Structures are given as C-alpha cells and as structure tokens.
Amino acid sequence: MIKGKKGEKLMSLFWIFMLIIVGGGVSVSTITVYGAEIDVRNIEAEILNDRILDCIVEDGFLVEGFDENFDVFGGCKINSEAIEDNFYFRIIFTGEKTFEIVRGTSFETECGLTEYNVIEVKYFPKCVKRVRNVVYVDGGIKEGSLEVLTASNQVGGRNVID
Amino acid sequence: MRLMCKRGGLVLQRVSYVLVNLVFFFILLLFVFKSATGAAVYEQAYAKQVALLIDEAEPDILILIDFEKGIEVAEGNKKTSGLIKQDKEENKVIVNLGGKGGYGYKYFSNYEVTFYEDIQEKVIVVKVGDKVFDLEGNDD
C-alpha cells in the first residue's frame, strides 16, 4: 500500500515535469519562429547610398554647388530626423581639395570593424561603402573621387497605441 | 461502503488527470494556432516592404502592392479597416492586421508620400510626389 502511494506521487511529479518540458519547448519554438525579426538593414543602407550618389553625381559629373556645405537633406530629399536616429552617412570627396560630410548617429567604428566581414555582430549596423570616380568643373574639367559610406541600424517595433 | 468510496476516489483521480491533460494541450495548441495566423509576421513584412519602396521611389510615381494575404489575415482577426496608417510626424508606416497596435517602421524619404489600403482591389496604394493620380485617375 505504502509502495503504491509512493509510486503514484513519483508519477505525478514526473508527469508535471514532462508537461513543463513539453509546454516550455513548444512555446519557445513558436515564439522563436513567429517572432523573428526580418532584417532589411543592408537593403536600407544600399538604398540610402544610391539615393545620395544619384543626387550628387549626374552622368559622372558632380552636381553644381557640391561642396562641404552642400545640403544633403534638402538636395537629396532625405528626412533629417529619420536619419539622426538610426542612420549614418559619410561622404568623402577627394580632388584638388578634400572634404567630408558626416551626418547621423556615428556608426563609423562599427562599420570599420565589420568592413571585411571578418566579424559579424547582430546589433551592429549594416554598412555599405561605394567609391566612384567623378568629374567636376573648377576652372576647367578635373577628376576626383567620391566615397559614400552609409549605415542603417533601424529596428522597427510594435506600435504603441495612444 | 469503504470499497465503493475507494473506487469512486480512483475514478475521480483518473478523470481529473485526463481533464487536466486535455486542458493543457488545448491551451498549448491554441497558443500555437494563434501564433501561426501570422499577424505579427505579416505586419512586419508589409511595413518594411512599404517603407523600403517609399525610400527607393523616384518622385511622381504610383506603386501598387499586393495586399491579399494581409487582408485575409486581418479578416481572420475581425479587422476590416485601418490596416495601414501613416504617421507623417515620424515618417512611419504602421500596419495593423489585428495585433495590438500593429508594427511600425520608418522611412527616410522626404518626398510627399501618401499610402492607404484598397480593400476592393486588395492592394496597398503608395503615392510618392505631388503630381500623382490615384487608381481612378483623379489628381490629389
């Protein structure tokens, strides 16, 4: 009689333990699969890079008025507030004079660390760098190069209802 | 009498064991089923798709995005309107297919942008620029 009772208690504990394991495993798997984040930061960085290059370079020529004070936001129709939070760009022009235009959250260090795909860190931004040879007019036709580095670290989220 | 009470106790024990198991697995399956309707995944996918298309678009363009699956998911969650919203202050796309508040994603384009769902045609209509006609050919 005592043996039977002990056996029953052990079975109950084992049963509860199994329920916890099964329930926990199924819940974790479901949340992992259906809660996964779709990462589009690389595509975003590419689009931003294209947007900047397309507005600064036309048919291989630098647009008129492009200098260190060029209004990238106004000229390229980019929202400055959206950029300040989750994006970064650095434009380096090298010609007779060299200057750079930098805006946004500074991801330069992170981009440098992940540049050659040696390391990959989940929460680092995704960076895209493009270099173009350009021609510009400055008392004659001259050649230079334009390097545009863009980065995106935007992570969307659930919208809070007001 | 004592024997009958003992037997009754055993039956009650077995029945409660089966019932607890049934309730547990029912709750578990309900949780999986609710997750699998995919409202959260589709909200995220559509919000990011619309935001990226806006960022990439040149001005004066009309974009139509297939929204059939999204409408299907929303109808499953008894939601038939306000599936996609625009927050002009934050430059954000918000897609709500029945989840709490929906999913928001920002775009960086500063062109004049408007978008809305067209339930009849099962598409999301995105207009980028000032001089864009809608589906009926009307100017804004």
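Student: The expected span of a helix is 1.5 Å times one less than its number of residues, so what span does helix 2 of chain B reach from its first C-alpha to its last?

Tutor: Helix 2 of chain B has 18 residues and reaches 26 Å between those two atoms, close to the 26 Å expected; helices here are DSSP runs of H or I with at least four residues, strands are runs of E with at least two, and both are numbered from the N terminus. This is a predicted model, in which local features need pLDDT of at least 70 and side-chain atom pairs count only at pLDDT 80 or more, while totals for chains, interfaces and linings use all residues. Residues are numbered from 1 along each chain as its sequence is written, chains are lettered from A and ligands numbered from 1 in the order in which they are written, and side-chain values use heavy atoms, with hydrogens and water left out.

Student: And what about helix 2 of chain A, how far apart are its end C-alpha atoms?

Tutor: They are 23 Å apart, which agrees with the 22 Å that its 16 residues should span.

Student: How do the two helices pack, at what angle and with what distance between their axes?

Tutor: Helix 2 of chain A and helix 2 of chain B pack at an angle of about 15 degrees with their axes 9 Å apart, where axes are lines fitted to C-alpha atoms, for helices over the stretch in contact, and angles run from 0 to 180 degrees between N-to-C directions. That makes helix 2 of chain A roughly parallel to helix 2 of chain B (under 35 degrees is roughly parallel, over 145 roughly antiparallel, 65 to 115 roughly perpendicular and the rest oblique).

Student: Which residues make that contact?

Tutor: From helix 2 of chain A they are A:Ile43, A:Glu44, A:Ile47 and A:Arg51, and from helix 2 of chain B they are B:Leu52, B:Ile54, B:Asp55 and B:Glu56, contact meaning heavy atoms within 4.5 Å. The buried residues of helix 2 of chain A include A:Glu44, A:Ile47 and A:Arg51, and those of helix 2 of chain B include B:Leu52, B:Ile54 and B:Asp55; buried means under 20% relative accessible area, exposed over 50% and partly exposed in between, with a 1.4 Å probe and protein chains only.

Student: Switching to salt bridges, how many are there over all chains?

Tutor: A search of the whole structure finds 10, a salt bridge being a side-chain nitrogen of Lys or Arg within 4 Å of a carboxyl oxygen of Asp or Glu. One of them pairs A:Glu37 with B:Lys48 at 3.0 Å, N to O.

Student: Why does that pair join two chains?

Tutor: Because A:Glu37 lies in the loop between helix 1 (2-34) and helix 2 (41-56) of chain A, whereas B:Lys48 lies in helix 2 (residues 39-56) of chain B. A:Glu37 is partly exposed at 41% relative accessible area, while B:Lys48 is buried at 3%.

Student: What is A:Arg41 bridged to?

Tutor: A:Arg41 meets A:Asp39 at 2.9 Å, N to O; A:Arg41 is buried, with 7% relative accessibility, and A:Asp39 is partly exposed, with 44%.

Terms used:
The expected span of a helix is 1.5 Å times one less than its number of residues.
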